[in-house]
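Open your viewer and get the cartoon view ready. We'll hop from one selection to the next and see what turns up.

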Amino acid sequence: MSEPSLDILGIGNAIVDVLARAEDAFLETHNLVKGAMRLVGAEEAEALYAAMGPGTESSGGSAGNTCAVAAALGARVGFLGKVADDQLGRVFAHDIRAAGVHFPTAPLAGGAPTARCLILVTPDAQRTMNTYLGACVDFSAADVDEAEVTRARVLYMEGYLFDPPAAQAAFMEAARIAHRHGRKVALSLSDSFCVERHRQAFRRLVREEVDILFANESELLALYETTDFEAAARLAAGEVGLAALTRSAQGSLVVAGAERHEIAAVPTRVVDTTGAGDAYAAGFLAGYARDLPLPECGRWGSAAAAEIISHFGARPQGDLKTAILAGTGNHPVASVLG
(Lines give C-alpha, C1' and ligand atoms only; values in the text may rest on other atoms or scores of the structure.)
Protein backbone atom coordinates (compact mmCIF):
# COMPACT_ATOMS: atom_id res chain seq x y z
CA MET A 1 0.00 0.00 0.00
CA SER A 2 1.48 3.37 -1.04
CA GLU A 3 1.85 6.18 1.47
CA PRO A 4 -0.85 8.86 0.95
CA SER A 5 0.35 12.16 -0.53
CA LEU A 6 -2.85 13.95 0.52
CA ASP A 7 -4.46 14.05 3.96
CA ILE A 8 -7.98 14.73 2.67
CA LEU A 9 -9.73 14.45 -0.70
CA GLY A 10 -13.13 16.13 -0.72
CA ILE A 11 -15.92 15.30 -3.15
CA GLY A 12 -18.86 17.65 -3.40
CA ASN A 13 -20.81 20.27 -5.26
CA ALA A 14 -18.49 22.85 -6.83
CA ILE A 15 -20.52 25.98 -6.15
CA VAL A 16 -19.85 29.69 -6.19
CA ASP A 17 -21.35 31.08 -2.98
CA VAL A 18 -23.08 34.46 -3.05
CA LEU A 19 -23.69 35.75 0.49
CA ALA A 20 -25.88 38.74 1.32
CA ARG A 21 -27.61 40.09 4.39
CA ALA A 22 -31.42 39.98 4.46
CA GLU A 23 -34.26 40.80 6.83
CA ASP A 24 -36.88 38.25 7.86
CA ALA A 25 -39.40 40.16 5.75
CA PHE A 26 -37.35 39.39 2.63
CA LEU A 27 -37.62 35.66 3.36
CA GLU A 28 -41.36 35.96 3.90
CA THR A 29 -41.83 37.89 0.66
CA HIS A 30 -40.03 35.19 -1.29
CA ASN A 31 -41.60 32.26 0.63
CA LEU A 32 -38.25 31.05 1.96
CA VAL A 33 -37.92 28.77 5.01
CA LYS A 34 -35.32 30.23 7.35
CA GLY A 35 -32.29 27.99 7.89
CA ALA A 36 -33.13 25.55 5.11
CA MET A 37 -31.35 24.67 1.89
CA ARG A 38 -33.52 24.26 -1.19
CA LEU A 39 -32.85 23.64 -4.85
CA VAL A 40 -33.97 26.21 -7.40
CA GLY A 41 -34.07 26.35 -11.17
CA ALA A 42 -32.11 28.72 -13.37
CA GLU A 43 -34.93 31.27 -13.73
CA GLU A 44 -35.65 31.47 -10.00
CA ALA A 45 -31.94 31.71 -9.24
CA GLU A 46 -31.64 34.70 -11.59
CA ALA A 47 -34.72 36.40 -10.10
CA LEU A 48 -33.58 35.89 -6.51
CA TYR A 49 -30.05 37.04 -7.32
CA ALA A 50 -31.48 40.23 -8.81
CA ALA A 51 -33.59 40.87 -5.69
CA MET A 52 -30.76 40.27 -3.19
CA GLY A 53 -28.76 43.07 -1.68
CA PRO A 54 -24.99 43.53 -2.11
CA GLY A 55 -23.10 40.31 -1.54
CA THR A 56 -19.74 38.57 -1.55
CA GLU A 57 -18.77 35.78 -3.94
CA SER A 58 -16.28 32.95 -3.43
CA SER A 59 -15.74 29.31 -4.29
CA GLY A 60 -17.94 27.34 -1.96
CA GLY A 61 -20.05 24.28 -1.53
CA SER A 62 -19.92 22.33 1.71
CA ALA A 63 -16.96 20.06 0.93
CA GLY A 64 -15.19 22.89 -0.87
CA ASN A 65 -15.39 25.00 2.28
CA THR A 66 -14.11 22.11 4.39
CA CYS A 67 -11.19 21.59 2.04
CA ALA A 68 -10.23 25.27 2.07
CA VAL A 69 -10.33 25.51 5.88
CA ALA A 70 -8.37 22.26 6.27
CA ALA A 71 -5.73 23.60 3.87
CA ALA A 72 -5.51 26.77 5.97
CA LEU A 73 -4.74 24.50 8.93
CA GLY A 74 -1.80 22.95 7.09
CA ALA A 75 -3.46 19.78 5.80
CA ARG A 76 -2.64 18.48 2.31
CA VAL A 77 -5.97 18.67 0.53
CA GLY A 78 -7.58 17.90 -2.83
CA PHE A 79 -11.12 18.39 -4.14
CA LEU A 80 -13.23 16.80 -6.88
CA GLY A 81 -16.30 18.65 -8.16
CA LYS A 82 -17.80 19.75 -11.47
CA VAL A 83 -17.79 23.31 -12.79
CA ALA A 84 -18.58 24.58 -16.28
CA ASP A 85 -16.09 26.10 -18.69
CA ASP A 86 -17.43 29.59 -17.96
CA GLN A 87 -16.56 32.68 -15.94
CA LEU A 88 -17.90 31.39 -12.62
CA GLY A 89 -16.18 28.06 -13.24
CA ARG A 90 -12.87 29.84 -13.66
CA VAL A 91 -13.57 31.90 -10.54
CA PHE A 92 -14.19 28.72 -8.56
CA ALA A 93 -11.06 26.97 -9.84
CA HIS A 94 -8.80 29.95 -9.20
CA ASP A 95 -10.26 30.59 -5.74
CA ILE A 96 -9.99 27.06 -4.42
CA ARG A 97 -6.49 26.57 -5.82
CA ALA A 98 -5.44 29.87 -4.29
CA ALA A 99 -6.63 28.45 -0.96
CA GLY A 100 -4.05 25.69 -1.34
CA VAL A 101 -6.39 22.95 -2.56
CA HIS A 102 -5.49 20.59 -5.41
CA PHE A 103 -8.38 20.72 -7.93
CA PRO A 104 -7.91 18.37 -10.92
CA THR A 105 -11.50 17.88 -12.21
CA ALA A 106 -11.94 18.81 -15.88
CA PRO A 107 -14.64 21.46 -16.52
CA LEU A 108 -17.90 20.64 -18.27
CA ALA A 109 -18.02 21.98 -21.83
CA GLY A 110 -21.29 22.82 -23.57
CA GLY A 111 -23.64 21.96 -20.70
CA ALA A 112 -25.24 23.79 -17.80
CA PRO A 113 -23.45 26.78 -16.25
CA THR A 114 -21.47 26.61 -13.02
CA ALA A 115 -23.57 26.16 -9.89
CA ARG A 116 -24.22 28.95 -7.46
CA CYS A 117 -25.69 29.12 -3.94
CA LEU A 118 -27.54 32.27 -2.95
CA ILE A 119 -27.14 32.55 0.83
CA LEU A 120 -29.28 34.99 2.78
CA VAL A 121 -28.04 35.76 6.29
CA THR A 122 -30.66 37.19 8.65
CA PRO A 123 -29.89 39.32 11.75
CA ASP A 124 -30.07 36.21 13.98
CA ALA A 125 -27.11 34.78 11.96
CA GLN A 126 -29.20 32.03 10.38
CA ARG A 127 -28.41 31.27 6.76
CA THR A 128 -31.05 30.37 4.20
CA MET A 129 -29.59 28.75 1.09
CA ASN A 130 -31.03 28.64 -2.41
CA THR A 131 -28.94 26.44 -4.67
CA TYR A 132 -28.89 26.18 -8.43
CA LEU A 133 -26.89 23.03 -9.12
CA GLY A 134 -26.07 23.71 -12.77
CA ALA A 135 -22.96 21.79 -13.83
CA CYS A 136 -22.87 19.90 -10.51
CA VAL A 137 -25.51 17.46 -11.72
CA ASP A 138 -23.04 16.16 -14.30
CA PHE A 139 -20.62 14.87 -11.66
CA SER A 140 -20.67 11.09 -11.98
CA ALA A 141 -18.61 7.97 -11.38
CA ALA A 142 -16.63 8.90 -14.52
CA ASP A 143 -15.25 11.89 -12.61
CA VAL A 144 -13.99 9.72 -9.74
CA ASP A 145 -10.32 9.37 -10.59
CA GLU A 146 -8.98 6.28 -8.83
CA ALA A 147 -5.46 7.71 -8.69
CA GLU A 148 -6.73 10.85 -6.95
CA VAL A 149 -8.83 8.90 -4.44
CA THR A 150 -5.94 6.61 -3.51
CA ARG A 151 -3.66 9.61 -2.91
CA ALA A 152 -5.65 10.65 0.16
CA ARG A 153 -5.64 9.25 3.67
CA VAL A 154 -9.29 10.28 4.10
CA LEU A 155 -11.97 10.57 1.43
CA TYR A 156 -14.48 13.21 2.57
CA MET A 157 -17.90 13.45 0.89
CA GLU A 158 -20.73 15.95 1.40
CA GLY A 159 -24.35 14.87 1.65
CA TYR A 160 -25.58 17.71 -0.55
CA LEU A 161 -24.11 15.95 -3.58
CA PHE A 162 -26.72 13.22 -3.13
CA ASP A 163 -29.37 15.34 -4.84
CA PRO A 164 -28.12 14.74 -8.43
CA PRO A 165 -28.94 11.08 -9.25
CA ALA A 166 -25.56 10.19 -10.78
CA ALA A 167 -23.74 11.41 -7.69
CA GLN A 168 -24.97 8.56 -5.50
CA ALA A 169 -23.25 6.09 -7.81
CA ALA A 170 -20.15 8.29 -7.72
CA PHE A 171 -20.17 8.20 -3.91
CA MET A 172 -20.33 4.42 -3.81
CA GLU A 173 -17.59 4.11 -6.43
CA ALA A 174 -15.29 6.52 -4.59
CA ALA A 175 -15.89 4.82 -1.23
CA ARG A 176 -15.14 1.38 -2.64
CA ILE A 177 -11.94 2.62 -4.28
CA ALA A 178 -10.84 4.21 -1.01
CA HIS A 179 -11.46 1.05 0.97
CA ARG A 180 -9.72 -1.15 -1.60
CA HIS A 181 -6.60 0.90 -0.95
CA GLY A 182 -6.93 0.97 2.83
CA ARG A 183 -8.14 4.58 3.07
CA LYS A 184 -10.82 5.98 5.38
CA VAL A 185 -14.20 7.27 4.15
CA ALA A 186 -15.82 10.26 5.85
CA LEU A 187 -19.30 11.63 5.20
CA SER A 188 -21.01 14.87 6.22
CA LEU A 189 -24.79 14.58 6.24
CA SER A 190 -24.91 18.32 5.34
CA ASP A 191 -28.61 19.13 5.87
CA SER A 192 -31.60 17.50 7.58
CA PHE A 193 -33.87 18.17 4.58
CA CYS A 194 -31.30 16.46 2.34
CA VAL A 195 -31.27 13.49 4.73
CA GLU A 196 -35.05 13.27 4.60
CA ARG A 197 -35.00 13.29 0.79
CA HIS A 198 -32.51 10.43 0.62
CA ARG A 199 -32.77 8.69 4.00
CA GLN A 200 -32.58 5.10 2.82
CA ALA A 201 -29.66 5.78 0.48
CA PHE A 202 -27.83 7.57 3.30
CA ARG A 203 -28.53 4.73 5.72
CA ARG A 204 -27.08 2.24 3.29
CA LEU A 205 -24.00 4.38 2.64
CA VAL A 206 -23.39 4.98 6.35
CA ARG A 207 -23.88 1.32 7.22
CA GLU A 208 -21.79 -0.12 4.39
CA GLU A 209 -19.10 2.41 3.50
CA VAL A 210 -18.61 5.20 6.07
CA ASP A 211 -15.82 5.14 8.66
CA ILE A 212 -16.17 8.71 9.96
CA LEU A 213 -19.56 10.46 10.20
CA PHE A 214 -20.11 14.19 10.66
CA ALA A 215 -23.60 15.39 11.53
CA ASN A 216 -25.37 18.03 13.52
CA GLU A 217 -28.19 17.09 15.86
CA SER A 218 -31.07 17.67 13.43
CA GLU A 219 -29.32 15.70 10.68
CA LEU A 220 -28.60 12.80 13.00
CA LEU A 221 -32.19 12.68 14.25
CA ALA A 222 -33.47 12.77 10.68
CA LEU A 223 -31.17 9.92 9.68
CA TYR A 224 -32.43 7.60 12.43
CA GLU A 225 -36.02 8.93 12.57
CA THR A 226 -35.99 9.68 16.28
CA THR A 227 -36.22 12.66 18.63
CA ASP A 228 -33.76 11.11 21.10
CA PHE A 229 -30.21 12.38 20.49
CA GLU A 230 -28.58 9.81 22.79
CA ALA A 231 -30.37 6.95 21.04
CA ALA A 232 -29.33 8.30 17.65
CA ALA A 233 -25.72 8.68 18.82
CA ARG A 234 -25.69 5.05 19.96
CA LEU A 235 -27.03 3.94 16.60
CA ALA A 236 -24.35 5.93 14.82
CA ALA A 237 -21.63 4.46 17.05
CA GLY A 238 -22.86 1.01 16.12
CA GLU A 239 -22.62 1.68 12.39
CA VAL A 240 -19.43 3.75 11.99
CA GLY A 241 -16.03 3.63 13.61
CA LEU A 242 -16.05 7.32 14.51
CA ALA A 243 -18.79 9.96 14.70
CA ALA A 244 -18.39 13.68 15.39
CA LEU A 245 -21.79 15.12 16.29
CA THR A 246 -22.33 18.85 16.76
CA ARG A 247 -25.09 20.27 18.97
CA SER A 248 -25.02 24.04 18.49
CA ALA A 249 -24.67 25.76 21.90
CA GLN A 250 -24.20 22.39 23.60
CA GLY A 251 -20.90 21.81 21.81
CA SER A 252 -20.14 18.45 20.26
CA LEU A 253 -19.93 14.76 21.03
CA VAL A 254 -17.24 12.51 19.58
CA VAL A 255 -17.93 8.78 19.81
CA ALA A 256 -15.72 5.88 18.72
CA GLY A 257 -16.83 2.46 19.89
CA ALA A 258 -16.86 2.62 23.68
CA GLU A 259 -15.05 5.98 23.68
CA ARG A 260 -17.18 9.06 24.30
CA HIS A 261 -15.80 12.60 24.43
CA GLU A 262 -18.04 15.56 25.22
CA ILE A 263 -16.58 18.87 24.10
CA ALA A 264 -18.15 21.73 26.00
CA ALA A 265 -19.36 24.89 24.28
CA VAL A 266 -18.03 28.35 25.12
CA PRO A 267 -19.73 31.68 24.34
CA THR A 268 -18.92 33.01 20.88
CA ARG A 269 -20.08 36.14 19.08
CA VAL A 270 -22.16 34.67 16.26
CA VAL A 271 -22.32 36.78 13.10
CA ASP A 272 -23.00 34.22 10.37
CA THR A 273 -23.43 30.45 10.81
CA THR A 274 -22.65 29.72 7.15
CA GLY A 275 -19.99 27.01 7.03
CA ALA A 276 -19.93 26.22 10.77
CA GLY A 277 -20.28 22.47 10.26
CA ASP A 278 -17.92 22.56 7.29
CA ALA A 279 -15.26 24.26 9.40
CA TYR A 280 -15.77 21.82 12.28
CA ALA A 281 -15.15 18.90 9.92
CA ALA A 282 -12.09 20.67 8.53
CA GLY A 283 -10.56 21.23 11.92
CA PHE A 284 -11.38 17.74 13.11
CA LEU A 285 -9.87 16.10 10.01
CA ALA A 286 -6.80 18.34 10.07
CA GLY A 287 -6.18 17.18 13.63
CA TYR A 288 -6.95 13.59 12.66
CA ALA A 289 -4.34 13.82 9.90
CA ARG A 290 -1.78 14.69 12.57
CA ASP A 291 -2.83 11.61 14.61
CA LEU A 292 -3.99 13.80 17.48
CA PRO A 293 -6.19 12.29 20.23
CA LEU A 294 -9.89 12.46 19.44
CA PRO A 295 -10.68 15.14 22.07
CA GLU A 296 -7.99 17.31 20.50
CA CYS A 297 -9.45 16.71 17.04
CA GLY A 298 -12.75 17.92 18.45
CA ARG A 299 -11.07 21.00 19.89
CA TRP A 300 -9.57 21.80 16.49
CA GLY A 301 -13.00 21.44 14.92
CA SER A 302 -14.61 23.67 17.51
CA ALA A 303 -11.92 26.34 17.23
CA ALA A 304 -12.24 26.38 13.44
CA ALA A 305 -16.02 26.69 13.65
CA ALA A 306 -15.71 29.49 16.22
CA GLU A 307 -13.55 31.52 13.85
CA ILE A 308 -15.88 30.98 10.90
CA ILE A 309 -19.09 31.98 12.66
CA SER A 310 -17.51 35.11 14.14
CA HIS A 311 -17.61 36.91 10.78
CA PHE A 312 -19.46 37.03 7.48
CA GLY A 313 -18.54 34.22 5.08
CA ALA A 314 -17.34 30.61 5.29
CA ARG A 315 -13.59 31.10 4.97
CA PRO A 316 -11.07 32.03 7.70
CA GLN A 317 -10.20 35.69 8.01
CA GLY A 318 -7.43 35.35 10.57
CA ASP A 319 -4.40 33.11 11.07
CA LEU A 320 -6.44 30.07 12.03
CA LYS A 321 -3.50 27.66 12.04
CA THR A 322 -1.46 29.71 14.51
CA ALA A 323 -4.48 30.26 16.76
CA ILE A 324 -5.31 26.57 16.95
CA LEU A 325 -1.75 25.35 17.34
CA ALA A 326 -1.29 27.81 20.20
CA GLY A 327 -3.97 25.91 22.10
CA THR A 328 -2.80 22.37 21.26
CA GLY A 329 -2.47 20.32 24.41
CA ASN A 330 -4.99 22.40 26.35
CA HIS A 331 -8.31 21.11 27.56
CA PRO A 332 -10.93 20.66 24.86
CA VAL A 333 -13.08 23.68 24.08
CA ALA A 334 -15.86 24.30 21.65
CA SER A 335 -17.88 27.09 20.11
CA VAL A 336 -21.47 27.48 19.03
CA LEU A 337 -21.74 25.00 16.20
CA GLY A 338 -24.16 24.32 13.36
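At what angle do the axes of helix H8 and helix H9 cross? Select residues 199–209 for H8 and 217–224 for H9: their axes come within 9 Å and cross at roughly 95°. That makes H8 roughly perpendicular to H9 (65 to 115 degrees counts as such). Show side chains next: Arg199, Phe202, Arg203 and Val206 of H8 meet Ala222, Leu223 and Tyr224 of H9, where contact means heavy atoms within 4.5 Å.

A quick note on what you're looking at. This is a predicted model, where local features need pLDDT of at least 70 and side-chain atom pairs count only at pLDDT 80 or more, while totals for chains, interfaces and linings use all residues. Residues are numbered from 1 along each chain as its sequence is written, and side-chain values use heavy atoms, leaving out hydrogens and water.

Look for Glu217, Leu220, Leu221 and Tyr224 on H9, facing residues of H10 including Phe229 and Glu239.

Now for the sheet. Five strands form an open, mixed sheet in the order E3-E8-E7-E2-E4; strands pair if DSSP finds at least two bridges between them. E3 (37–39) and E4 (55–60) are the edges, each with a single partner strand, so one side of each has no neighbour in the sheet.

Zoom in on E7 (115–121) and E8 (127–132), antiparallel strands joined by six bridges. One to click on is Cys117, whose bridge partner in E8 is Thr131.

Definitions and conventions
Axes are lines fitted to C-alpha atoms, for helices over the stretch in contact, and angles run from 0 to 180 degrees between N-to-C directions. Helices (H or I, at least four residues) and strands (E, at least two) are DSSP runs, numbered from the N terminus. Angles under 35 degrees count as roughly parallel, over 145 as roughly antiparallel, 65 to 115 as roughly perpendicular and the rest as oblique.
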